[in-house]
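Biologist: I've got the model open and I'd like to know where the labels come from. Can you walk me through them?

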Amino acid sequence: EHTDFRRFVIMGSPDLWDHGPRLPVQWAVEAYRSGRSPADELVSRSHGDDVVALVIVLPPGLGMSESGLPPHDELMVPPS
């Protein structure tokens, strides 16, 4: 199941995606594995003058019952 693996959520300005959807993900993963900032890596490899990137790295097991988080369909705080 996908919760067994680390996941990357990448948001960025349009110039970030000039190389297609796969390369930015590959660059972010490589940067993370080598101890560099995934967002900085994406910005430095992009060709645009005004590139912004936000990379969120979700740990493995985040959605599993032992993670301490409620299931996706439950709210932690009741709506007011």
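Predicted model: local features only at pLDDT ≥ 70, side-chain atom pairs only at ≥ 80, totals over all residues.

Biologist: What makes the pair of Glu41 and Arg45 a salt bridge?

Modeller: The cut-off is 4 Å between a side-chain nitrogen of Lys or Arg and a carboxyl oxygen of Asp or Glu. Glu41 and Arg45 have their closest N and O atoms 2.7 Å apart, so the pair qualifies. Both residues lie in helix 2, four residues apart, about one turn of the helix.

Biologist: How many salt bridges does the structure hold?

Modeller: Two. The side chains of Arg36 and Glu41 also meet in one, at 3.1 Å from N to O. Through shared partners, the salt bridges join Arg36, Glu41 and Arg45 into one network.

Biologist: Why is Glu41 called buried?

Modeller: Buried means under 20% relative accessible area, and Glu41 has 11%, so the label applies.

Biologist: What about the aromatics: how many pairs does the count come to?

Modeller: One aromatic pair. The ring centres of Phe8 and Tyr32 are 5.6 Å apart and the planes stand at 85°, so this is an edge-to-face pair.

Biologist: How do you know that the pair of Phe8 and Tyr32 is edge-to-face?

Modeller: Two checks. The centres must lie within 6.5 Å, and 5.6 Å passes. Planes over 60 degrees apart count as edge-to-face, so 85° settles the name. Phe8 sits in strand 1 and Tyr32 in helix 1, so the pair ties together parts that are 24 residues apart in sequence.

Biologist: And what makes Phe8 partly exposed?

Modeller: Phe8 has a relative accessible area of 23%. Partly exposed runs between the 20% limit for buried and the 50% limit for exposed, so Phe8 belongs there. Tyr32, at 34%, also counts as partly exposed.

Biologist: Now the serines. Why is Ser46 called buried?

Modeller: Its relative accessible area is 9%, and the limit is under 20%, so Ser46 is buried. Ser46 is found in the loop between helix 2 (38-45) and strand 2. A polar atom of its side chain lies 2.7 Å from the backbone oxygen of Leu42. Leaving aside neighbours within four places in sequence, Ser46 is in contact with Asp15, Leu16 and Val51.

Biologist: Is Ser13 buried or exposed?

Modeller: Buried: 16% is under the 20% limit, so Ser13 gets that label. Ser13 is in the loop between strand 1 (7-12) and helix 1 (22-33). Beyond neighbours within four places in sequence, Ser13 contacts Asp50, Val51 and Val52.

Biologist: Which residues form the nonpolar patch on the surface?

Modeller: Val9, Met11, Leu54 and Ile56, with about 310 Å² of accessible area together. Strand 1 and strand 2 (53-58) each supply at least two of the patch residues.

Definitions and conventions. Residues numbered from 1 in each chain as written. Heavy atoms only, no water. Buried < 20%, exposed > 50% of the residue type's maximum accessible area, 1.4 Å probe, protein only. Contact = heavy atoms within 4.5 Å. Patch = residues over 30% accessible without salt bridge, like charges linked within 9 Å, V, L, I, M, F, W, Y side chains within 5 Å. Areas by Shrake-Rupley, 256 points an atom, 1.4 Å probe, with all protein chains shown as cover. Phe/Tyr/Trp six-rings, centres within 6.5 Å; stacked < 30°, edge-to-face > 60°. Polar contact = N/O pair within 3.5 Å; in protein donor to acceptor, adjacent residues only side chain to side chain.
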